[in-house]
Each structure stands twice: as C-alpha cells, then as structure tokens.
Amino acid sequence: MGPTRPHALLLNLAHLLDHFFMLIFPTAVLAISKEWSLSFSQLLPLSLPAMAIFGLGALPAGWLADRWSRRGMMAVFFFGIGAASVLAGLAQDAWQLGVALALIGVFAAIYHPVGIAMLTIGSPRLGWTLGVNGVWGNLGLGVAALVTGLIVQYAGWRAAFVVPGLATIAIGFAYLAASRGATNAAGSKKAASVAVPPEVMKRLVVVFLVAVVCNGLLFHATTVSMPKLFDERLRGVLTGEAGLGAIGAIIAVVYLIAAMAQLLVGSLIDRISLRTALLGVVALQAPLFLLAIGGSGWGLVAAAIGIMFFVFGQIPINDAMVARYTSDRWRARAYGLRYVASFLGSAGAVTLVSSLHSGGGFSSVFVALAGVAVLALVAAVMLPRIGEAPEAAAPASTRA
C-alpha cells in the first residue's frame with residue numbers, strides 16, 4: 001500500500017524543496033560575488049562538495065532507509081536541510097559558506113533514494129506517479145531561481161538562505177504528523193514487476209548507467225548555468241533595473257514549461273516501452289544545444305525551454321526503470337545507486353561549466369554538452385528491448 005494523500009503531498013513537496021535548496025547558491029552567487037569581490041568562476045566551485053555529497057550520499061541514505069526507517073530518514077531530511085540552509089545564510093567567508101553548502105548536500109542526498117522509493121511502492125500508475133513527482137522537482141528548480149532572485153534583490157543573499165531554511169524546519173513537524181503510521185518496507189519480499197534474464201541484465205545495467213551519467217551531467221550543467229547564461233545574454237531585452245528578480249522569473253517560466261515533459265513522459269511510460277520513450281526524449285537534445293550556441297534574447301529563451309524539456313523528460317524514465325526492475329526490499333538502495341551514477345555526471349558539470357566558461361564562454365559549454373547528448377543517444381539505441389509492448393509489464397496490483 002502506498003502513502004496516504006497528505007503523506008504523498010509532503011513527499012512531493014520535499015522533492016520541490018530538495019532542488020530548491022541545491023539551487024539557491026547558483027542564483028545568490030551573483031550577489032555574493034559583488035559583496036565579497038570574488039568572480040563567478042572563483043565562487044561556483046564552492047558548490048562542488050555539496051554536489052559530490054548530494055550524489056555519493058544517496059547510496060548510504062538508501063541503505064539506512066531500507067535498514068532503519070524511510071519515514072525517519074525523511075524527517076531527518078526536512079530538519080537537516082533547513083538547519084544547514086540557515087547556517088549558509090550566516091556564513092562570514094567563503095570557507096564557512098562552502099561547509100554549509102556541503103551540509104545542504106548531505107541532507108539533500110536523502111530525498112531521491114528515500115522519497116521516490118516511498119512514492120513508487122504500491123503505486124497503481126507508476127509512470128504518472130513519477131511524472132507528478134518530477135513536476136514538483138521542476139517547480140523547485142523554477143521557484144529557487146524566482147524566490148532567491150526576489151529575496152536577494154529586496155532583502156539580501158543571506159535572507160535567501162535563512163527564510164526558506166526556517167520554513168522547511170516548520171514543514172518537518174507537519175511531515176511527522178502526516179506520516180504517522182507509515183511503515184519501513186524493509187523485509188518485504190515482493191519481486192520486481194518485470195523479470196529480466198541474467199544475460200540481458202548485465203547489458204541493461206551498463207547501458208542504463210551510461211544514460212544516467214549523461215543525463216546527470218546535462219541536468220546539473222544546465223541548471224547551474226541558467227542564471228549566469230541569462231544574465232549575460234538577455235541584457236539586450238532586460239532593463240538594468242530588472243535585476244535578478246526578472247532573470248529568476250524567466251527561469252521559473254522555462255522550468256514550468258519544461259515540467260510538462262515530466263507529465264507527458266510519465267503518462268507515456270504507462271503505455272509504451274521504456275526504450276521507445278528514452279529514444280524519443282534524447283534524440284533532440286544535441287541539436288537543441290547546438291542551436292543555443294549563438295543564441296541571445298528571446299530566441300535563447302526558446303532554445304532553453306526545448307533543452308530543459310527533453311533533459312527533464314528523461315528523468316521519469318530513469319526512475320521507472322529502477323522501480324520496474326527492482327524488488328521492494330532493495331528499492332531505496334537501488335535508487336541510491338541510480339543517483340550515485342547521476343552524480344558521476346553532475347560532479348563533472350560544475351567543473352566543466354566553470355572551466356569552459358572562463359575560456360570560451362557558454363558557446364564552448366554548449367558544444368561540449370551537445371557531445372554528451374550524442375553519447376546519451378547511443379546508449380538509448382543500445383538499450384535492450386524489454387517490455388516492448390505495454391502488456392509486457394506486470395499488472396499494477398503486483399508491482400512492488
């Protein structure tokens with residue numbers, strides 16, 4: 001049995017908050033650099049430890065959830081990430097800020113292996129559940145840019161960390177009440193909903209991990225770059241007083257439109273094979289990155305919408321593969337491994353963006369990302385044909 005409606009709502013809200021907190025810094029860094037007289041390329045690497053822990057921490061978080069308590073781990077998420085954000089707002093130098101950002105990464109690592117595992121167990125419409133959850137995550141991306149930009153503009157960058165941190169601690173108490181009675185699924189022996197022959201599983205795992213690594217790099221490179229990209233290339237269409245608030249609003253619109261990919265793809269993977277869906281979403285990624293190389297103004301915004309639409313559209317497919325091919329007992333650990341693989345891509349994203357941007361601007365960045373997208377397409381083509389027809393999947397009532 002899945003979570004109750006109030007519990008599921010807070011699990012989805014947690015996805016919003018997870019991405020929100022990880023993206024406060026990429027927007028606030030524009031103001032921090034002015035106050036501390038440090039460049040964008042000097043400050044952006046402060047987020048590297050947080051990104052590393054965000055990815056690598058998913059596996060131990062999933063292990064703890066399966067062995068101890070998924071509800072308990074989600075409570076730790078709410079209280080921990082809120083407190084870490086408050087500490088970031090109180091930082092007095094780059095070293096202190098880097099430590100606080102790393103702590104945000106520690107608690108942010110909990111959500112994906114634990115929250116998504118709780119939502120998918122017992123879900124009668126797996127694809128739709130993941131699609132809705134993905135929309136909440138996208139809302140977090142858009143709200144982070146919008147809210148952070150507005151708070152920085154009117155109250156300073158410190159408030160951009162402190163205010164949402166305190167609010168999330170309060171939400172943690174609501175979660176404890178709504179999730180009362182939730183059980184830890186450790187010990188469950190429900191099998192995966194789709195059986196994969198051992199000889200096919202090896203190829204499936206390798207190709208899946210390549211696709212996930214590519215998607216992780218594209219996802220984090222684009223989300224980290226967006227505020228700086230628009231700050232550079234929208235100057236011709238924005239007045240100087242528009243500031244971070246206007247840039248944040250545009251980024252929010254981009255993410256909200258791209259969020260529809262989560263619902264569309266989520267609905268499709270309840271009806272078509274995961275391989276077909278994956279091919280569909282990765283095919284246009286490279287052309288869109290190439291289109292954005294010389295883009296500026298509203299044309300760039302349109303290209304960004306297309307890029308985010310197809311990059312985000314891959315996420316529910318990745319998560320559906322884990323849910324369909326793993327048992328209930330190992331679900332959180334399997335999601336942990338999936339997000340560690342995603343980290344392998346995301347860890348290189350910040351370094352790639354900061355180094356290529358300092359050398360050749362975003363044109364160089366987009367050329368490199370187009371190459372990564374081509375590799376993702378190759379992986380999608382090599383994915384084994386499993387469950388090519390909708391009826392190949394087990395009935396919803398048997399899904400773990």
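The structure is a predicted model, in which local features need pLDDT of at least 70 and side-chain atom pairs count only at pLDDT 80 or more, while totals for chains, interfaces and linings use all residues. Residues are numbered from 1 along each chain as its sequence is written, and side-chain values use heavy atoms, with hydrogens and water left out.

**Overall fold and surface**

- The chain holds 17 helices and zero strands, where helices (H or I, at least four residues) and strands (E, at least two) are DSSP runs numbered from the N terminus.
- Of the 400 residues in the chain, 58% are buried; buried means under 20% relative accessible area, exposed means over 50%, and partly exposed lies in between, with a 1.4 Å probe and protein chains only.
- Among the contacts with a separation of 6 or more, 87% are between residues 24 or more positions apart, a contact being heavy atoms within 4.5 Å.

**Salt bridges**

- Side chains of opposite charge can pair when their charged atoms come close.
- The structure contains four salt bridges, each defined as a side-chain nitrogen of Lys or Arg within 4 Å of a carboxyl oxygen of Asp or Glu.
- One of them joins the side chains of Glu35 and Arg158, with an N to O distance of 3.9 Å. Because Glu35 lies in helix 2 (residues 24-36) and Arg158 in helix 10 (residues 157-178), this pair ties together parts that are 123 residues apart in sequence.
- Both partners of that pair have some accessible area: Glu35 counts as partly exposed at 47% relative accessibility, and Arg158 counts as partly exposed at 25%.

- Asp66 forms a salt bridge with Arg70, in which the closest N and O atoms are 2.6 Å apart, and both Asp66 and Arg70 are buried.
- Asp66 also forms a salt bridge with Arg333, where the closest N and O atoms are 2.9 Å apart. This second pair links distant parts of the chain, since Asp66 is in helix 5 (residues 58-67) and Arg333 is in helix 17, 267 residues apart.
- The relative accessible area of Asp66 is 1%, so Asp66 is buried, and Arg333 counts as buried at 14% relative accessibility. Through salt bridges that share partners, Asp66, Arg70 and Arg333 are joined into one network.

**Nonpolar surface patch**

- Val206, Val210, Val374, Leu375, Val378, Val381 and Met382 make a nonpolar surface patch of about 560 Å². Patches are made of residues with over 30% relative accessible area and no salt bridge, with like charges joined within 9 Å and nonpolar side chains (Val, Leu, Ile, Met, Phe, Trp, Tyr) joined within 5 Å.
- Helix 11 (198-233) and helix 17 (331-382) each supply at least two residues of this patch, and helix 17 gives the most, with five residues.
- Leu375 is located in helix 17 and, at 44% relative accessibility, counts as partly exposed.
- Val378 likewise has its place in helix 17 and is partly exposed, with a relative accessible area of 42%.
- Val378 and Ala211 are 167 residues apart in sequence, whereas their C-alpha atoms are 8.7 Å apart in space.

Note on methods: Areas by Shrake-Rupley, 256 points an atom, 1.4 Å probe, with all protein chains shown as cover.
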